[in-house]
Structure formats: C-alpha cells, structure tokens
Amino acid sequence: MTIVADRPPPVDALEVTGGVDTHADTHVAAVIDSLGRHLGDRSFPTTPAGYQALAAWMASHGTVVLVGVEGTGAYGAGLTRALTALGLAVVEVDRTDRKARRDQGKSDPLDAYAAARAAAGGRATGTPKTRTGDVESVRALRVARGGAMKGRAVALTQLKALIVTAPAELRTQLGGLDGARLISTCSRLRSARQEAPVPSVHAKRTARPGRLVDPTAATKRALASIAGRIGILDAEIAQLDDDLHGLLTPLAPTLLGLQGVGLDVAGQLLTTAGDNPERLRHEAAFAHLCGSAPIPASSGKTTRHRLNRGGDRSANAALYRIVICRLRWDPATRAYVERRTKEGRTKAEIIRCLKRYVAREVFNAIRADLGLATP
C-alpha cells in the first residue's frame, strides 16, 4: 500500500486574513490562515508606496479575504483608503483589552496578530468610514472651526478676568459693557508711553516703542491685544461658517429641515454617520453610535435599562441640543413631556427617551439626503 504525503495547498488557494497595528511612521502587518496559524509579520512605512507594499506582501501569502485595521479614523485612515481602493474588505478593530495585554504581553506584532484574529473570528465587524466625500470636507472644516471657537472662548475669559483686576478707572469704563460692545471698546484702547528711544545707526531692526508708563497703560495694551485676537477669530469663524453653509445646504436639505437642526448640529451628525452611512445597518445601530440607545441592565427578577455612556459624545450632545430646542418650541414635544411626567418619569429620563426618538428621525433624514432607502 502506497502512502501519499499531504501536500500543502497552493498559495493562490489559501485564504488568509490580515491585521495591522497602525502608528504615525510605520504600520506593522500580520497574516494568519483560516485556522489562525501565524504566517508572518512585517513593518511598512506610512507612505503610498508602503501601503502598496503592505497589500502585496499580504497577497503573497494567499487570497486576502479580510483585513482588520486598528485606528481607521486616525493613524490608519490613509491605509484604509488605500486598501479599500484596491478592493480589499477592511474592518475596524478596537485595541485589545487590558486583560489580554496583561496575560499575553504587548508588542506591535502581537497587536497586529490580535487584529487579524479579531477580524477572522467575527469580533470586529465595523465598516470604517470611507472619508472620500463631502462629509469628510465638513469634518475637516469643523475641526478648524472648533479650534477657533475654543480659542475665542479662552480669549474672552482672559479679557473679562483682566477687567476684574484692572485699575478702578478702567474697570469703571468697561464694567457695564458686554459682548460685541466690550470687544469693540477694548480694541480701541490706546496706552500712554514714554518717548521712544533713539535707535542706533547700526541697528538692524526697527525702533522699539516707548516704555509703557504705568499699570493702567499696560492693562489697556493687554486688553486691546486680546480684543484684537477675538476679532481675528470672529472673522475666521464667519469664513468657516460660510464654507460649511456652502457644503451642507445642498448636501443635507432633509436633515436641515428638521426642527432644532442647524448647521453646527447637522455637521456633527453627518460627521458621525460618515460618507457611507450604509455601513449602519439600521437606526438602532445609529442610536448606539450616538450613545442614545439604552443599555440592558437586568438581573434576576429585575428588568431595567441604564444610561448609555458610550458612543460619540459629540453626536449625543447634538441630539441633546435638538431636544432642548423642541422642548421650547415644539407643541408635540411639550405634550409628550407632560404625559410622561404624569406617568412618574423624571425630566432626565424623558430627555433620554426623546434623544432616542430624534436619533431615529435623524438617521432616516441622513439616508434620504445621501440617496439611500430606509432599511
């Protein structure tokens, strides 16, 4: 009797799964087969050529059926776009939990193999955002606008704090002002200075201004500087708002038509959904993504739900602003609050119920705006 040795399957017939641990300068990739056996790992630079080399290296081990990538919205964004353009299926992988890191250790190759196992085993199923459409443009502009808004808030706080400790005559002059009048008045303040020094004939820079005469002059100088900074940020915010208006108005007319939804709220909710909202299978998934879906917390004879503290908190805050607006202006919402209050619900519980309802409404509006049917 002749015994024929088992031959390994050809490379083209072998199905493999990839995993990538992403970093700023290099990505570490790993490949496993359908049985979870390690086939190899390697580091690649975070450049277009590096992305192509990473995909080719994975394909050299067999047919790549799936790639799990950590940080598809951060360091792995460029790699995700490159792999998707090559026709590879990519899923988003969360970092390994603390218990696994404590038991198995931590290194870049271990993280890459863990990402591959999570993708192959079905634990990682999230479809990453494509980041190639108008929604990505909205996200980029909102990053700049958010930074300008934070800078303006800090500057305004400094301005008001400086007025509190200013000399009496200056505090009296500015005490009754607020908002635009305060900023305009502070920007027009002029400081008393001593005579400017005579520059040397050999000086290579312009002459310095004269020395400020006293603390009042120095405070005026500081207030004018901060007010000028606020004015510059106001102009920057206005320009960014114009750009956002030009993008959002034709992109999301249905969403903007909802009561309580303005440019800022619409931009945040679109950014949360992404350019490819079809990755969200149903409105419950969107509600969970926004942190507005209640979490089961039942045990034994107790059946209850608890507050969801996860998800995108910025999107959750956007839903909250919609609800607060409707509590003030929408008769149907006010009637709902009155009815639920009589049932014994607290205001916080009622707002959580309303956020869940608004999440469903927003989800359907976003899909309608992007030409998708309601699932």
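Q: At what angle do the axes of helix H5 and helix H10 cross?

A: Axes are lines fitted to C-alpha atoms, for helices over the stretch in contact, with angles from 0 to 180 degrees between N-to-C directions. Helices are DSSP runs (H or I, at least four residues) numbered from the N terminus. In this predicted model, H5 (residues 134-164) and H10 (residues 263-273) cross at roughly 125°, their axes coming within 9 Å. H5 is therefore oblique to H10 (under 35 degrees is roughly parallel, over 145 roughly antiparallel, 65 to 115 roughly perpendicular, the rest oblique).

Q: Which residues make the contact?

A: Contact means heavy atoms within 4.5 Å. H5 brings Val135, Val138, Arg139, Arg142 and Arg145, and H10 brings Asp264, Gly267, Gln268, Leu270 and Thr271.

Q: How many disulfides are there?

A: A disulfide is a covalent bond between the sulfur atoms of two cysteines. The rule asks for a pair of cysteine sulfur atoms within 2.5 Å, and the count here is zero. The closest cysteine sulfur to that of Cys290 is in Cys353, 16 Å away, which is too far for a bond.

Q: Is Cys290 buried or exposed?

A: Buried means under 20% relative accessible area, exposed over 50%, and partly exposed in between (1.4 Å probe, protein chains only). Cys290 is buried, at 0%, while Cys353 is partly exposed, with 28% relative accessibility.

Q: What should I know about the numbering and the values?

A: Residues are numbered from 1 along each chain as its sequence is written, and side-chain values use heavy atoms, leaving out hydrogens and water. Local features need pLDDT of at least 70 and side-chain atom pairs count only at pLDDT 80 or more, while totals for chains, interfaces and linings use all residues.

Conventions: Helix = DSSP H or I, 4+ residues; strand = E, 2+ residues; numbered from the N terminus.
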